[in-house]
Amino acid sequence: MACPPPRIAVLLAQLLSLLWGGAALADLPRIGAEDDWYPYTAWRNERIEGMSADIVRAAFAASESPVELAPYPYSRCMELTRSGSLAACFNTTPDSSIRAEFLLPQEMLFSDDILLWGRNNADMVDDLDAIRGKRVAVTIGYTYGEYFDGYADIRRIPVRRDINGFLMLQRDRVGYVIAFRGTTEALLRDNPELVGEFKALARVHRPRLYLSFSRHHPQAAALLQDFDTGMRQIRQDGTYQRILANWQLTDGQSPLQGSTLQERHNNKTESP
């Protein structure tokens, strides 16, 4: 066979390089990142940003496992992971249903307080019985701990985003909002007109947040192992602590201390 002219040979080499690069990219396992939960994970500035996104990237980099993060609304992200279209999704607060339908790693991403919020003139809440029959805004697809999620005597008003719940609370369309401390702090910084309108009435739960892996994606089980390996490495070398420090939220932290409503409820039910 005759050798191709030099220019044709160069073009062929470039084409093969592009095809190989595209194939490699196509083989990258895709992990869903919820697109509207700042400062933990959100689609901002044309990229996925946030503390847990930084943790996930660092963990997989430490275990030399290339992955692609893709933004989705949380409920869609979890459904695609459940079906096996995505290898994993974050951020998840596991309950019995999540544990049955997904694979969970040993290493968590982080932990944060779930707080019950009301207007500034609202009374503090010591038990969910105190708000029986009241309207509480909840974000679609989120879980808030088995005590709250299993409590039947409140009226849950589903909203697409936390901000929608707080706007409804401001207009007295709901009596309460349940939301994470860190995301509420970021929300108030982004919407200064809402500062001073609300206060935390109860510390409902302090869950651990996880990267949940699919039971049906062919690479998920191996990726879970890589993630745990990477998480242990970044905790050991200080990378994890540096990420937490970089995203540390100090403004307006809840003064609520002591046991959560869920812990008090569990203590009651476990007492003889």
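## Ground rules

A residue is called buried when its relative accessible area is under 20%, exposed when over 50%, and partly exposed in between (1.4 Å probe, protein chains only). Welcome to a predicted model, in which local features need pLDDT of at least 70 and side-chain atom pairs count only at pLDDT 80 or more, while totals for chains, interfaces and linings use all residues. Residues are numbered from 1 along each chain as its sequence is written, and side-chain values use heavy atoms, leaving out hydrogens and water.

## The sheet

Let's start with the strands (DSSP runs of E, at least two residues, numbered from the N terminus, as are helices, H or I, at least four). Five of them make up an open sheet of mixed pairing, ordered E11-E10-E12-E9-E13; a pair needs at least two DSSP bridges. Strands E11 (155-159) and E13 (198-205) are the edges, each with a single partner strand, so one side of each has no neighbour in the sheet. From one strand to the next, the twist averages 30° (axes are lines fitted to C-alpha atoms, for helices over the stretch in contact; angles run from 0 to 180 degrees between N-to-C directions).

E9 (residues 114-119) and E13 run antiparallel, joined by six bridges. Ile 114 has His 205 in E13 as its bridge partner.

## Helices on the sheet

Helix H6 (residues 162-170) lies across E9, E10 (135-139), E11, E12 (176-180) and E13, at about 150° to E12. Helix H7 (residues 181-190) also packs on the sheet, touching E9, E12 and E13, with its direction at about 105° to that of E12.

## A closer look at Ile 157

Ile 157 sits in strand E11 and counts as buried because its relative accessibility is 15%. Beyond neighbours within four places in sequence, its contacts include Val 136, Val 138 and Met 168 (heavy atoms within 4.5 Å).
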